Amino acid sequence: MRRVSRPQTIIILNTKINCKSRCRAAISPGGQKSVSVENNKIMELKEIKAVYFVGAGGIGMSAIARYFLHRGVVVAGYDKTPSALTTQLEKEGMLIHYEENIDEIPHACRNQKSSLVIYTPAIPADHKELVYFRENGFDVEKRAQVLGMLTRSHKGLCFAGTHGKTTTSTMCAHIMHQSHVDCNAFLGGISKNYSSNYILSKESDFVVIEADEFDRSFHWLRPWMSVITSTDPDHLDIYGTKEAYLESFAHYSSLIQPGGALIIHKGLEMKAQVQPGVKVYEYSLDSGDFHAENIVIENGNISFDFISPIETVRGVQLGQPVPINIENGIAAMAMAQLNGCSSEELKYGMKTYRGVDRRFDFKIKNDKIVFLSDYAHHPKEIYQSARSIRELYRDKKITVIFQPHLYTRTRDFYKDFADSLSMLDEVVLCDIYPAREEPIPGVTSQLIYDNLKEGVEKKMIHKEDVLSFVKDNDFEVLVVLGAGDLDNYVPQIEKILQDKYK
């Protein structure tokens with residue numbers, strides 16, 4: 001047994017929602033987008049007969065789509081490419097097409113008086129279908145605006161941060177959903193406990209929300225309480241500077257409602273700007289109002305004591321025993337405890353939490369081979385992931401196949417990517433996944449490759465050659481890393497490894 005000495009949005013709604021206010025963007029004195037509320041309504045939910053999604057396959061959009069499917073209205077939309085998620089949505093009753101074509105919009109979604117159109121900021125402004133809806137007087141709202149309206153009708157428990165928000169929000173939603181408090185949830189990932197990114201409760205008034213900082217979307221929210229996990233600069237193609245990024249989080253903290261609370265990771269650079277009447281708590285692995293003590297890592301299991309100003313909880317066991325989930329669990333339990341979950345409910349929720357798809361997602365775990373997939377795509381996320389993997393497998397060779405996400409992110413952080421990846425033994429780099437961006441001259445995976453530390457085995461391959469690479473090489477621990485489309489190969493990689501290491 002080894003004892004560690006130093007303890008190291010979702011939206012929730014119910015069927016009684018009545019949205020009577022319209023959100024409008026405004027510019028705050030600091031130049032940030034903020035939100036004001038008008039009394040004239042956009043459309044009451046009972047008036048909505050059809051909802052159309054421009055960008056249907058995103059994880060956040062799909063959760064809202066499932067909510068409207070549950071309400072029994074026509075749900076349709078466009079997405080650029082099919083995926084496992086869009087296939088599942090189609091099975092659940094959503095009408096999706098993959099060609100930018102106005103003629104493909106279903107007849108039921110062409111009535112301005114009864115159709116709501118929701119789009120994601122990743123969709124360009126000149127998208128033909130988006131232009132059609134705007135020019136014809138439809139009610140067109142960002143996903144974040146829809147979430148913001150819902151936080152005005154319910155107690156929004158929001159999770160913000162550069163990284164960690166999907167795991168902590170999913171943990172909190174599971175803890176609360178299985179407790180007497182209960183909750184609804186729109187999750188930023190597929191919960192393994194529910195095989196879905198959407199949880200429904202007809203009774204609870206709590207809404208758990210993943211607060212997305214991209215395009216300042218989280219400024220539409222009005223949280224009752226919020227966790228801020230991290231503020232490491234990201235999305236500099238949107239924000240421009242680190243200072244603007246931090247100011248955006250500071251403005252977000254000012255949106256928490258009086259009487260609520262901010263639970264912030266200790267030591268963040270941002271300066272909270274909370275309103276009077278908002279309590280501020282700090283958390284971290286080993287210090288702050290909420291933290292861990294007596295961490296024990298033994299035979300693949302992790303337990304610790306949850307230290308809290310409300311009530312200390314002894315002997316918490318991690319259902320997904322990964323070192324990084326100690327700190328994630330502290331944030332999730334703090335939020336759940338502040339909103340009425342008992343000590344036993346906290347312990348049961350943490351013990352039965354099974355994780356999120358693509359978040360430290362073990363596919364094979366035996367004496368011969370370990371294979372996992374992880375969504376980490378920011379240098380700090382990769383650092384935390386690499387540290388946890390190294391903690392678990394100190395004496396094994398760890399190989400990572402990494403697909404960088406976005407040209408701008410690679411340009412801004414290639415040295416940091418190299419430093420984080422260099423914690424592992426072998427690094428295999430694929431071409432950059434462009435997502436919404438056009439190529440930037442001189443920005444390729446080679447920038448990361450050239451900055452990997454001495455002693456690290458390294459290789460560059462095309463995505464199409466990944467399966468051949470896996471067939472032709474031996475592994476002890478293999479990790480597929482990134483937020484692009486490399487994850488599409490994971491089922492095939494899993495089968496290759498299962499056949500190889502029978």
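1. Basis. The model is predicted: local features need pLDDT of at least 70, side-chain atom pairs count only at pLDDT 80 or more, and totals for chains, interfaces and linings use all residues. Residues are numbered from 1 along each chain as its sequence is written, and side-chain values use heavy atoms, with hydrogens and water left out.

2. The open sheet. Five strands, in the order β6-β5-β4-β7-β8, form an open sheet with parallel pairing. The edge strands, each pairing on one side only, are β6 (95-97) and β8 (139-142). Neighbouring strands are turned against each other by 20° on average, direction ignored. Strands here are DSSP runs (E, at least two residues), as helices are (H or I, at least four residues), both numbered from the N terminus. Two strands pair if DSSP finds at least two bridges between them.

3. Strand β7 (residues 115-119) is joined to β8 by four bridges, and the two run parallel. Val117 has Val140 in β8 as its bridge partner.

4. Helix α1 on the sheet. Helix α1 lies across β4 (50-54), β5 (74-78) and β7, and runs at about 170° to β4. Axes are lines fitted to C-alpha atoms, for helices over the stretch in contact, and angles run from 0 to 180 degrees between N-to-C directions. Contact means heavy atoms within 4.5 Å.

5. Ser62. This residue lies in helix α1 (residues 59-71). Ser62 counts as buried because its relative accessibility is 0%; buried means under 20% relative accessible area, exposed over 50%, and partly exposed in between (1.4 Å probe, protein chains only). Leaving aside neighbours within four places in sequence, Ser62 is in contact with Ala56, Leu85, Leu89 and Asn197.

6. The hairpin. Strands β10 (residues 184-191) and β11 (residues 196-199) run antiparallel and are joined by three bridges. Ala185 stands opposite Ile199 in β11. Four residues separate the two strands of this hairpin, and Ser195 in the turn has a positive phi of about 50°.

7. Helix α8. The 15 residues of helix α8 (residues 324-338) should span 21 Å at 1.5 Å a residue, and the end C-alpha atoms are 22 Å apart, which agrees. The expected span is 1.5 Å times one less than the number of residues. Helix α8 is mostly covered, with 13 of its 15 residues buried. Just after α8, Gly340 takes a positive phi of about 105°.
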